[in-house]
Amino acid sequence: MSQLSQPSDSFVSVHLIDENKQFATDLDTYVDKSYAVKDADGDGLNYHIVSVFGSQSTGKSTLLNKLFGTKFDIMDETKRQQTTKGIWFSHANYIASTDETTSFKKNNDRNIYVLDVEGVDGRERADDKDFERKSALFALATSEILIVNIFEHQVGLYQGANMELLKTVMEVNLSLFHKQHEKCLLLFVVRDFTGLTPLSNLGQSLESDMQRIWSDLNKPDECKDSKLDDFFDLEFASISHKVFKPEEFEYDIKLLGDNFSNEKLFNANKYHKKIPVDAWALYSQQLWEQIDNNQDLDLPTQQILVSKFKCNEIMNGIYTDVFLPEFAAEEGKGKEAITRLKELRAKCINDYDLHASRYKKPVFLEIKQDLVNKIDAKLEVFQTSILKELVDEIVSEIEPKFLKSKKDSKLSVKEIIEELKKDVIDNFETLSKNLLLVDSLDENPRYASILQKQREYLTETVEGVANKLRQKESRKLINRITKSFQIEFKDDLIEEFTQPNDNSWDVVTVKFDKLREKLLDKYKTGTFFDFKFGLTAEQNDILYSKIQQRLWNQFDSIVHDYFNNDNVSRILRNVFEDSFKYDNRGMPFVPETISQLDSRFNLAKNKTLQLLPILSKITLTDGKSLIKPQFKLDNDDDQDNDDENYNSGESDVDDSESRNRFTILLSPKEQAKVMQRFKKESDALYLDAKRAMIASKTSIPFYIWIIILVLGWNEFMAVLGNPILCVIILVGIGGFIVTYKMPMLSAALSMTGSSFKQHIPTSNQSHIKQS
Ligand SMILES: Nc1nc2c(ncn2[C@@H]2O[C@H](COP(=O)(O)OP(=O)(O)OP(=O)(O)O)[C@@H](O)[C@H]2O)c(=O)[nH]1
């Protein structure tokens, strides 16, 4: 619908709203191109909008063309027909100026856009008040300065088209701006000025007309008491007759131009609507649509809507075209992408600030937050994974560092763990700083929260690792104590049961108690135990109970291992042999008669068999039986998972069955077996002893001597021939005769036999100790 007028070397005009009330479709392109010529600040606000009002054919287009170098159509004087229909829009190509050096035309530093509004009271549209009102509304909503074109001879005539026009302007102004007092400049340009009445007088007359119209207006309640100058500033200018005073006419326009180019009329942007130029086309179109549809105009809302539209457009453009492609290219690179993504985030936000900050601040900030949220939603996953990676890395170093510290330092496990925990947190705080995608956590609470979550995850994980280390150390301690106990207790047990007696189990239990006390003594602090692992009092108690339980289990295990059939039989045999072969002084016992041997045998046997109950059951002399206590342990005793766990072969199930079997070392059946075996062994020993005794008392028959003499005659002669051999043999014979006569021969033979047989029990005993 728009129509570009014939351009020459500059910007043409746009038919902004045509006679059918259709809005131009290519306004944004026009604004964009024309604005690019001057944009000193880059804030999109370097422009002014000026509208012209007035009766039809009062020279409005002529004035604008001369003042701003626009190309609006001018009426052909011969036809006297209305030329401006609807509203035309044009960029000012220059501003007329009195400055000779610029050839009377000055290029302002700012963009000026001009709206040439169809004149009222047009012959063709005389009754079309609707459009007049709508165009006034549109001009007021968009323009800073409204030029009201009026002939001098009409000033003071409170009637006619001019007054109607001014009334319309004021009415619509009230409907638009009653909520917010947005001011606008009414610039009265008195045409065909003769100079007979000074401009100031004409101005006063116009101002009083305005006041009168204002006071006659039906004002909304909110602004009943408001004054004209709450809404309007008034300025006056005069232009001489175009035909009769052509030179003055030109000069007056230049004078007026000076007031535009020096910005005086714009009054330091006092009337600027602050719509960024790139949103102006959209804003003005939406305004017109609302005006044309007779909807109530709510400019602030309208401006916010436009701001929202533009800010969203900018935000989506940045997110989709800049952020997403680069993020996709970087996100898989892990730590290497941090710098790039940090820059990308900052760049996107800066770009948005640059382009969107010109819009309504609340909207700009709200949509900026949307952009930041969208970007951060993507970056959050990345940021979290990077920080989690750091946490895992730091945590993985704890155990090696712990083992090294344990080896190198003299600190306790508790102190090492505490030191490591502190180091780990410090490390995380230092290293995480370089991994963050933002510089300030205060300004980016989302990142502060991501960091905090990872900090909590770290603390939790470190505590988990510390607990595992403590458990590991606890298990190591249990195993160490168990091993020490094993060695010492086994020795004590074997020693005690080499020569068992009725008190033996009392002695063993006392040794057991002392040994436990000794092994745990260094962990005792007052009445409590602290194993220096940084455990709580309850955990220390549980560890203490575990150790106690382990030691009791070891006691159980060692005792039951040791008191098997073989060892009990060996103990009995040793005791029997000692009693049978040695007297009370420990001297070898040599029976002289068989009855002596028999009574010795019975004595030793009875004494030995009295020991079997002691070796079959743990029995205390006070008649009480030894009770294996039950310890209260925690549920997560995971010693089965520990490779370093000492495998004692014991059952951890401390049920009633195991407690019952605790004191029983040999069952009745096993005892019977042991008895049987002992009987055999003791009988064999008795027979050996008896045989040796009989053998020592038997004499050599006479015929044996004759055989020896006959068979050994030659050797006998050889001995007689050798004095040394002869002497040795004589001494030997003498010794034998003495021994035999004493009588000591049987004892000597018995001793020789015994000492030979003693090799077997001695070697067996040493074997028991080793097992
Ligand atoms: N008397 C007089 N005539 C003028 C002046 N300026 C322009 N004209 C003549 O007035 C006629 C109308 O001029 P336009 O500039 O087309 O007037 P307009 O107000 O834009 O007309 P519409 O757009 O149709 O409302 C033309 O023939 C001009 O030559 C002036 O200052 N005084």
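## Helices, cores and confidence in a predicted model

Helix 17 covers residues 565-581, which makes 17 residues. From its first C-alpha to its last it reaches 24 Å, close to the 24 Å expected at 1.5 Å a residue. Helix 17 is mostly covered, with twelve of its 17 residues buried. Among them are Asn567, Val568, Ser569, Arg570, Ile571 and Leu572. Asn574, Val575, Phe576, Glu577, Ser579 and Phe580 are buried too.

Helix 5 runs over residues 199-216 and has 18 residues. At 1.5 Å a residue it should span 26 Å, and its end C-alpha atoms are 26 Å apart, which agrees. Which residues of helix 5 are buried? They are Leu202, Gly203, Leu206, Asp209, Met210, Ile213 and Trp214. Seen down the helix axis, these buried residues fall within an arc of 140°, so they line one face of helix 5. The face turned away from that buried side carries the exposed residues Gln204 and Asp216.

| Helix | Residues | Number of residues | Distance between end C-alpha atoms |
|---|---|---|---|
| Helix 5 | 199-216 | 18 residues | 26 Å |
| Helix 17 | 565-581 | 17 residues | 24 Å |

**The whole protein**

The protein has 771 residues, and 44% of them count as buried. Its secondary structure comes to 26 helices and eleven strands. Take the contacts between residues at least 6 apart in sequence: 78% of these join residues at least 24 apart.

**Nonpolar cores**

The largest nonpolar core holds 162 residues. Phe89, Phe232, Trp505 and Phe563 have the most contacts inside it. Which helix gives the most to this core? Helix 14, residues 445-496, does, with 15 residues. A second, separate core has 27 residues, including Phe68, Phe72, Ala96 and Ala237.

**An annotated binding site**

An unreviewed UniProt entry carries the annotation "binding site" for Gly54, Ser55, Gln56, Ser57, Thr58, Gly59, Lys60 and Ser61. Gln56 lies in the loop between strand 2 (47-54) and helix 2 (60-68). Ser57 also has its place in the loop between strand 2 and helix 2. Is Gln56 buried or exposed? Gln56 counts as buried, because its relative accessibility is 17% and the cut-off for buried is under 20%. Ser57 has 31% relative accessibility, so it counts as partly exposed.

**Confidence**

The mean pLDDT of the protein is 83, and 83% of its residues reach 70 or more. Among the elements, helix 10 (residues 338-356) has the highest mean pLDDT, at 95. Helix 26 (residues 759-770) has the lowest, at 42. Over residues 122-126 the pLDDT is below 50. Beyond near neighbours in sequence, that stretch has ten contacts in the model. The pLDDT is also below 50 over residues 756-771. That stretch has 14 contacts beyond near neighbours in sequence. Where pLDDT is low, the predicted coordinates should not be read in detail. The model scores ipTM 0.97 and pTM 0.60.

Terms used
Residues numbered from 1 in each chain as written. Predicted model: local features only at pLDDT ≥ 70, side-chain atom pairs only at ≥ 80, totals over all residues. Heavy atoms only, no water. Helix = DSSP H or I, 4+ residues; strand = E, 2+ residues; numbered from the N terminus. Expected span 1.5 Å × (residues − 1). Buried < 20%, exposed > 50% of the residue type's maximum accessible area, 1.4 Å probe, protein only. Arc of directions from axis to C-beta. UniProt positions renumbered as here; feature names shortened; annotations may be inferred. Core = buried A, V, L, I, M, F, W, Y, C linked by side-chain atoms within 4.5 Å. pLDDT = per-residue confidence, 0-100. Contact = heavy atoms within 4.5 Å.
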